[in-house]
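Biologist: I'd like to learn how to read a structure like this one. Could we go through a few features together?

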Amino acid sequence: MANTMRPLGLFAALLLSAAPAAAQSSLTTEIDRRTAAIASKLTAWRHDIHQHPELGYQEKRTAALVAAHLKSLGLDVQENVGGIPGVVAVLKGGKPGPTIAMRADMDALPVTELVDVPYKSTVRTVYNGVETGVMHACGHDLHTAMLMGVAEVFAGMRAQLPGTVKFLFQPAEEVPPRGGAQPMIEAGVMQGVDAVLGLHVGPGPLGTLSWRSGAISAASDAWRIVVHGKQTHGAFPSNGVDPIVVSAEIVTALQTVVSRSLDLTQGPAVLTVGAIHGGLRENIIPDSVWMIGTIRTFDAKAREKVGVRMKEIAQHIAAAHGATADVSVTLGYGSTINDAALVGRLAPVLQRVSAGKAFESKTQSMAGEDFSRFANVAPGFFFNLSVTPPSVDLMGVASNHSPLFQADDNAMPVGVRAMANAALELLVGGVPKRAQ
């Protein structure tokens, strides 16, 4: 009798172990079907948002569009989260399970669009005292449309889903040092969250997905230097102290901070002068010059040392010419760290969703991301989706933040399926213990 029970027990165990896999496979098929059904909606949402871009903390129209859609799905929706145009929607599945958050950023940039598309932005604004266009030059219009799509896909499957999904629509990713993530976190959006997912679009072969374990984006800090000289007539420079000449020397010397002061074996670094201004007319040496820029690092010691060396260089050069220099560094977003355990679980999902058009990136991005703040609270997985139209030569393709940045709508169903399937993997299989 005992001998006949053992095979039956083993068979029963195999059946039980196969049941969750079969259920997940069925849900994956349902995600594919529902994503295909909303492809035209994704395009319409994205074109609408792209044509009506809003700068950070000003995303009222975009947030209203998002909230109206989420409410139509019967989700529990909060608006103006964190005192900013943040939107959070909660979907409770029909079965117990973990809580997974998914994030999309909604803000545009002060960039004048040069791509001739039917939904081209014609919005104008004044930014830092300069009139400019406004454009979704970083792809946040796609991020928002895709997460709206994931919400619709999951809303139609909620009875079959275990756990809870939080959809985080975040303003002001492009506005460090505080950004939009921090106010939303302080408002409690990450309470009870077991893992957080996000993606970013960029140039590359259409529909390709990529990821990296560990640091995927750099810490991003801002700096400002004001050089104080002595104003005088341009014909009599010896009667004053020329801050323009001093500033030119400082700009040149700053290029040695990364190349001569940092141990680059510990991680890459960038120090950029983004703007410089001084003077009003050709025959007046001004009283002062200001310059601003960004610092990108991965190593904590390097992050600290850059600020120290900048201050030493600027102040000593200024002193050598009889001028003074005020130097300030404002810490912004930290490096986005992908949890190794999540990468191990979700990389195969991206491979499957992309039909093999996915790879582990060997390089780190010097871009900054306030997704890092969400990933500090709960284990995070942040990956990239390539969106360049097939007609564009990849050798000369424009990058994010360019007025020539282009994105193909056909990439969005891939992004929806990737986000939805990654969340499903964690909802059904559970969230692995955070890597130490």
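This is a predicted model: local features need pLDDT of at least 70, side-chain atom pairs count only at pLDDT 80 or more; totals for chains, interfaces and linings use all residues.

Biologist: Okay, which residues of α2 meet α4?

Modeller: On the α2 side you'll find Lys41, Leu42, Trp45, Arg46, Ile49 and His50. Their partners in α4 are Asp141, Leu142, Thr144, Ala145, Met146, Met148, Gly149 and Glu152. Sorted by class, that contact has 7 nonpolar, 3 polar and 4 charged residues.

Biologist: And at what angle do the axes of these two helices cross?

Modeller: Roughly 145°, and the axes of α2 (residues 39-51) and α4 (residues 140-155) come within 9 Å. The crossing of α2 past α4 is right-handed.

Biologist: How do α6 and α7 pack?

Modeller: Helix α6 covers residues 243-261 and α7 covers residues 300-320; they pack at about 150°, with axes 9 Å apart. Here, too, we have a right-handed crossing. Among the α6 residues that meet α7 are Val246, Ile250 and Leu254, while the α7 side includes Val306, Met310 and Ile313. The contact divides into 11 nonpolar, 2 polar and 3 charged residues.

Biologist: What does histidine 47 touch, leaving out residues up to four places away in sequence?

Modeller: Tyr119 and Asp409. With aspartate 409 there is a side-chain to side-chain polar contact of 2.7 Å.

Biologist: Now serine 220: buried or exposed?

Modeller: Serine 220 has a relative accessible area of 8%, so it is buried. You'll find serine 220 in strand β10, residues 219-228. Its side chain makes a polar contact of 3.3 Å with the side chain of arginine 296. Beyond its neighbours within four places in sequence, serine 220 is in contact with residues including Thr294, Gly332, Tyr333 and Gly368.

Biologist: Last one: how do I read aromatic rings?

Modeller: In general, you describe a pair of rings by the distance of the centres and the angle of the planes. To count as a pair, the ring centres must lie within 6.5 Å.

Biologist: How many aromatic pairs does that rule give here?

Modeller: The count comes to 3.

Definitions and conventions. Residues are numbered from 1 along each chain as its sequence is written. Side-chain values use heavy atoms; hydrogens and water are left out. Axes are lines fitted to C-alpha atoms, for helices over the stretch in contact, and angles run from 0 to 180 degrees between N-to-C directions. Helices (H or I, at least four residues) and strands (E, at least two) are DSSP runs, numbered from the N terminus. A crossing is left-handed if the near helix is turned anticlockwise from the far one by less than a right angle, and right-handed if clockwise. Contact means heavy atoms within 4.5 Å. Ala, Val, Leu, Ile, Met, Phe, Trp, Tyr, Cys and Pro count as nonpolar, Asp, Glu, Lys and Arg as charged, and the others, Gly among them, as polar. Buried means under 20% relative accessible area, exposed over 50%, partly exposed in between (1.4 Å probe, protein chains only). A polar contact is a pair of N or O atoms within 3.5 Å; within protein, one must be able to donate a hydrogen and the other to accept it, and residues adjacent in sequence count only if both atoms are side-chain atoms. Rings of Phe, Tyr and Trp (its six-membered ring) pair if their centres lie within 6.5 Å; planes under 30 degrees apart count as stacked, over 60 as edge-to-face and the rest as tilted.
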